[in-house]
Amino acid sequence: MTALDRLDPRIRQTIAERGFAGLSEAQELAIPEVLAGRHLLLIAPTGTGKTESAMLPVFHGLLSTKSAGFSAIYITPLRALNRDILLRMEWWCAALGLRAGVRHGDTTQAERRRQALHPPDLLITTPESLQALFMGKTLKRHLTGVRYVIVDEVHELAGSKRGAQLSVALERIRTYAGEFQRIGLSATVGNPGEVGRFLCGPHRPCRVVAVPVAKSLDLSVVYAGDRFEAQARCVERALDPSGSNLVFTNTRVTAEALGHALFRRGDIEVHHGSLSREVRIDAEERFKRGELGTLICTSSMELGIDIGHVEHVVQFGSPREVARLVQRVGRAGHRLSAISRGTILATGFDDLLESGVIVRRAMAGELEPVRIPYGAADVLANQVAALAVEHGEIDLAQVRAILGRTAVFPEPDPLLERVVAEMAGHRLLRVEGDRLVTTARARRYLMGNLSMIHDERKVQVFDLASRRTVGTLDESFVVGTIDPGSVFITKGQLWRVLEVEEGRITVEPARRAKGELPSWEGEQIPVPFAVAREVGGLRRTRRIGDYIGSRRAIHYAEHVLDEMDRNRSVIPTDRTITLENAEEGVVCNICAGHRANEVIARVLSLLLSARYGTSVGIEIDAYRCLLRLPKSLGAADVQETLLSLDPAHIRGLLEIGLKRTALYKWKLVQVAKKFGAIDPDADYERISIHRLSDLFDRTVVQQETYRELFEEYMDVESAVEIVSAVHAGTIEVVTTQVSLLGASGLFSSRDLVPPESADTAILATVKRRIDDSEVVLCCMNCRRWKQKTRVSRVEERPQCPVCSARLIAALKPWDEPLYAVANRKTKSPEDREVEKRLLRNANIVLSSGKKAVIALSGRGVGPEHASRILGTLAEGDQFYRQILKAERQYIQTRHFW
Amino acid sequence: MLHAPPGADPDRMRIEFLEQGPATLVVNRERTLVVADLHFGIESDLARHGWHFSSRSLERLHRVTDLVDRFRPDRLLLLGDVKQSVPFTTRQEWRELPEVLAAFRARAPLLVVPGNHDPGIERLLRPEELAERTGVVVDGVGYLHGHTLPAPCLAGLLVLVGHHHPLAAIQDEVGCAVRTPAYLVGELDGPCLGLPPAGRPTRVLFTPAFNELAGYDVQRIVTAPFSPVSRCLKRETVEVLLADGTLLGPIEALAPPDRGGGEVSAG
């Protein structure tokens, strides 16, 4: 008996009406599993009838037994997908006499009321709207009928806190409905078993059915040139003349720029998340009808929105991840069993090699695992609050039982206890013995935090010079890092902050990269460690032809490597790290990917900042990091620091040092918001942020911030691997001058690591002040020369231009009249005293030169103090510290006041 | 003796900068420990504006009493904004403040110069503990919270002022190294404030907030003044000190060297 034969005759008839020739491979494999009542994770490329694979047997179940309330819930991560699924499901349901309804943020009040009164058999919703169902009395009752939950694009959800929240929500449904059948629909992932456990929890068996995608891929890489105009022309050449092209870019900005460059063709539209819903839907519809030949899109098109047949997928720039490439190219060739054709247009040397490596890995089926967030404390906090509101009061044992059934919190304690204590502190719940009781704040908190997505208020960046808005920044980022006077980067330009007011930062263009603060241009897709290592290997073996077919691309890559050879530059590979002295600092070329480089760069900067007391700016990409250092530090210092770094200390160092960085503060604010410690509409003017990070010391909020940073932003394990290999000698470290490869980075993340103590900065400030202060030099030999100047301009051994003597007194500007007093023909005893002091002053300058002038320029430092300071023979910073000490004593006394 | 007339022995006067407060110890004929802007009860006010922290009052209280125990002043002078909420006194404040003030009193005679956040505080103080809002002269030095015009008796003196919560951002060659509580010192324009001529300039010392949640950039205090005192500050005389008394220099010394400079370099 085929899968088709086992379905209800009404369904078979509807399939025929729909015009299906037969069942697809995915459907043949999945339908029997679902009919048998098993939990199922179905992994198949988009367009293989995945939705129907799940829904046909579900319809079969719904037709054979009716139940009250929502019988099946279909969850998708995107509202746009809901609409698409709804159209299809409405058609099926209408034909089968079932009712389908959709519920998400845009659903009208009237529709919501209708759903409460007459629950549809099939409810299509998002994880966030699902959360809201638990807050309504009637809706909760309708949950008792749930027999099927289908999670679409489960690979997308599983890797995020939204997914972790959803997995708790599924167990909350179980409280009402008892066990129900779970069906996950997923794109190809590296760890299907783990994603299956995520869907079903650790204790339920989950069948995984996978339809392979790699065998049907046809991938090629070409080099698109380094100038944008050439790249745009290359995109145009790559388009299939018959139409139906999808062009994927990694950022919205690139999508817009390409759209602008190709606009004159008239058959191209841009599609990304910042565009309004109407514009997007219009583009989708026109593409589907064949009126548009090409859609230029971002990840907005990765998920399975139905846009009809796609002939060819063009990926602009490296896709960064294997899974991403497979998913994007999987959009092409939608007719069953057709080949999916994709072309990557590489835009530079790193990009080209990386694309080649990703293609090889895609063909070999080496996809990245989905990184499931286990034990995310803010998700736990959110769901504990949700449970308290849902039940009014609830036994901790019951909370434990619900959480324990999920894959993300299999053993909720001791985290649960810490989270409950923290939330009780924020008055989000009360603890009465073993029961949790809801509070007035909890419901308000929940209404503002149904979603685990950081729905950030954006702060406008307004350029005073051009009087226009140049962009927006995440509010959490602004709160953590931006103050008047600070410099940051956005849109590739430097800006100095003039003023921060509610909802707006006023800036002016800044000239120099000095004093630069972090930039966030949205979160970038990190290149995985394994990909970056393989790229390093390819740089070493130079067997480009093994990876890339295009002759022009091979020629370009070889040309870059030859150029490096000609300049006698050392090529950084998987076995060689080069540390290059550059204008702005030291470029560390390490083929380790974003996350491991983030760790290495931060640890190096922490150690350098601790050792030399300076701030260190860092910029990172997959193959290098730039450490911005003071001029006095170079590659040799970085090498010494790297070689003396004990890999076992890396994580500990980061935990201590991260606290002072912008990245930490930014994440901390986000996590604190999800904990209800900071309201979504908190008034930032109320608080001075210089101590913000201290306020959460040793709390579970801090713990979660670290967890997220270490899980999502940093790959300590891989960094340890690299540093250990350096120690073992399997990776050599070379210091050299900046090379073509080192200078070519396009850095994607920036931060500043300030030193533990501001000692160096304070000394620098004081040096600046003294250098800039005025001094009057006067000759105590001929008594006929004086000159007002600045300390910085005084020569090493000041000399009188009139009599050539070096007996020069250095006076503060307000002491200038004393020179005349000392030169009086007839002197009172006081005048003689003055003359004696000036002579003493000049004698010190005679013996110690400019150093004496500097000491004498200290506030309240007279000849006595100055000779004491010079007598200590202190040099450099120690010398200035002596001046500071003398000034501090003076400032305490009435002479200053 | 409280409310001492000016004319203390000038050679004996010292000001000690207590970084661990931050607080100031003024030593003349007597020893006066000056603590500005405690803002007890700030947590419940912050909660109304979206920030939910547990109360740090106890830690703050201990920080003050430790200073009193260590420096044994003849009086503890609270330079305004002892409490947070205006115009009402919150439950947190009614609960915490009497105990806080009692703990202070048990250690040293108390004098409060009321600030803009202090209406109603007189009900928690003894009459001799309450000074004028427009400032008071104690042991030859003037004290003023800073939200009002100063009383004429402050003319020609050194006046310690709270209210402004100064905070300095210090930069090194690479970037901003630290943000730290700071003092601002400078001369006041007497006529601008309606002060009588005094024969010598009136100098003002803006003291940092003791409350660790408060802070306001020193540059903005000067460039965007928001109080009578800061508006009548002679800008060219202003200098920045750190909480331990280190003289940083004029405001301009805080800015990185390239600020507004004519140098052009690739960046």
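In chain B, residues 24 or more positions apart account for 66% of the contacts (heavy atoms within 4.5 Å) with a separation of 6 or more. This is a predicted model, where local features need pLDDT of at least 70, side-chain atom pairs count only at pLDDT 80 or more, and totals for chains, interfaces and linings use all residues. Residues are numbered from 1 along each chain as its sequence is written, chains are lettered from A and ligands numbered from 1 in the order in which they are written, and side-chain values use heavy atoms, without hydrogens and water.

Chain B holds 5 helices and 14 strands. These are DSSP runs: H or I of at least four residues for helices, E of at least two for strands, numbered from the N terminus. Of its 267 residues, 64% are buried, meaning under 20% relative accessible area with a 1.4 Å probe, protein chains only.

Now chain A. Its C-alpha atoms fill a box of roughly 125 × 70 × 55 Å along the principal axes. It has 36 helices and 30 strands. Buried residues make up 61% of its 897 residues.

One helix pair deserves a look. In chain A, the axes (lines fitted to C-alpha atoms over the stretch in contact) of α11 (residues 228-238) and α12 (residues 252-261) come within 10 Å and cross at roughly 75 degrees. α11(A) and α12(A) are therefore roughly perpendicular, a label for angles of 65 to 115 degrees, taken between N-to-C directions on a scale from 0 to 180 degrees. Phe228(A), Ala232(A) and Val235(A) of α11(A) meet Ala257(A), Leu258(A) and Ala261(A) of α12(A).

Terms used. Buried means under 20% relative accessible area, exposed over 50%, partly exposed in between (1.4 Å probe, protein chains only). Angles under 35 degrees count as roughly parallel, over 145 as roughly antiparallel, 65 to 115 as roughly perpendicular and the rest as oblique.
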